[in-house]
Amino acid sequence: MKKIGQLLILLPLMWSCKPDKPTPVDPVAETVKVSITPTYGAQTFWMDSVYTTSEGYKVKFTELICYFSLIKSETANLIEAALFDFRETGSTLVSQNGDHTKFTNLSGKIGVDSSLNHLDPSAFANSSPLNISNAGPMHWGWNPGYIFVNLEGKVDTIVDGTDNLDLSFSFHIGTDAYLQDFNFTNVTWQDKGNKVWELPLKLDLAYFLGNPTTPIDLKTEHLTHTAAGQESLTQKVIQNFKNALTVY
């Protein structure tokens with residue numbers, strides 16, 4: 001009986017010393033990232049650096065900002081809207097939780113879709129790039145809506161061996177008429193490690209200016225704010241921008 005009593009005393013102690021059941025660790029969520037790397041032809045692109053156009057002009061870009069919207073694949077939505085601002089946030093367009101295998105194709109709009117373009121910009125969530133506090137000067141007002149593409153810079157159109165970039169160029173493209181579709185098929189996502197999958201895009205600004213069929217001559221074509229009388233250059237700018245954007 002004495003041994004039985006001792007065993008009964010030890011049982012609770014043995015039970016209390018049993019290792020705790022391991023707490024399950026939540027798996028790390030997969031991150032889907034879309035990036036845009038600007039280039040100038042085969043050259044690395046830097047804001048404010050000077051490059052040479054096909055005409056021999058010296059040019060530098062001081063603003064490179066644009067909106068994309070309704071980015072999706074056939075069966076999955078990625079994001080409602082994204083703001084690309086190369087000076088402020090570098091090459092990242094989208095970075096969020098998602099399953100990259102659902103995005104074998106990637107399509108959307110260059111600009112802000114008409115279903116969003118004329119809504120109250122203060123009514124979007126604070127985290128949305130369409131919120132007026134995030135859009136800032138990329139919003140014109142409720143009637144025309146958002147600026148889709150904002151490209152600005154300086155150029156020297158006198159080919160004399162001296163860099164005197166004294167002519168400004170400014171391309172502000174917006175309004176529903178100039179919204180552009182994009183569609184990249186059979187895309188390959190790159191495994192960057194730590195469950196980050198990236199789709200790198202490239203924006204060739206040399207091709208943007210020097211498109212063989214629709215070149216932009218900055219000497220005479222240096223200003224459009226999508227106003228009346230600027231339709232020809234506005235269309236050229238947005239089409240060249242679209243055609244300069246490819247999968248890297």
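## Contacts of F68

F68 touches I36, E80, A81, A82, F84, L93, K109, I110, G111, F182, F241 and L245, leaving aside residues up to four places away in sequence. The structure described here is a predicted model. Within the largest nonpolar core, which holds 63 residues, F68 and F208 touch the most other members. The element that gives the most to this core is strand β4 (residues 58–72), with eight residues.

## Strand β4 and its partners

Strand β4 pairs with several other strands. With strand β9 (residues 145–156), β4 pairs in the antiparallel sense over eight bridges, and in this pairing V59 stands opposite V155. With strand β5 (residues 77–85), β4 runs antiparallel and is joined by seven bridges. Here C66 stands opposite F84, a residue that F68 also touches. A hairpin of four residues connects β4 to β5.

Strand β7 is antiparallel to β4 and joined to it by three bridges; the bridge partner of F68 in β7 is I110. Strands β3 and β4 also run antiparallel, with two bridges between them, and Y51 stands opposite V59. The hairpin of β3 and β4 has five residues between the strands, and G56 takes a positive phi near 95° there.

## Salt bridges

Side chains of opposite charge can pair when their charged atoms come close. The model contains three salt bridges. In one of them, the side chains of K109 and D181 meet at 2.5 Å, N to O. This pair links distant parts of the chain, since K109 lies in strand β7 (residues 106–110) and D181 in strand β11 (residues 180–184), 72 residues apart. K109 is partly exposed, with a relative accessible area of 21%, and D181 is partly exposed at 44%. K109 is also among the residues that F68 touches.

Another salt bridge joins R87 and D48, whose closest N and O atoms are 3.0 Å apart. R87 belongs to helix α2 (residues 86–89) and D48 to the loop between β2 (43–44) and β3 (51–52), so the pair ties together parts that are 39 residues apart in sequence. R87 is partly exposed at 37% relative accessibility, and D48 is partly exposed at 36%.

Are the residues K236 and E221 buried or exposed? Both are buried. K236 forms a salt bridge with E221, with the closest N and O atoms 2.9 Å apart. K236 is in helix α6 (residues 231–244) and E221 in the loop between α5 (205–210) and β14 (223–224), 15 residues apart.

Technical notes:
Residues are numbered from 1 along each chain as its sequence is written. This is a predicted model: local features need pLDDT of at least 70, side-chain atom pairs count only at pLDDT 80 or more; totals for chains, interfaces and linings use all residues. Side-chain values use heavy atoms; hydrogens and water are left out. A salt bridge is a side-chain nitrogen of Lys or Arg within 4 Å of a carboxyl oxygen of Asp or Glu. Buried means under 20% relative accessible area, exposed over 50%, partly exposed in between (1.4 Å probe, protein chains only). A nonpolar core is a set of buried Ala, Val, Leu, Ile, Met, Phe, Trp, Tyr and Cys residues joined through side-chain atoms within 4.5 Å. Contact means heavy atoms within 4.5 Å. Two strands pair if DSSP finds at least two bridges between them.
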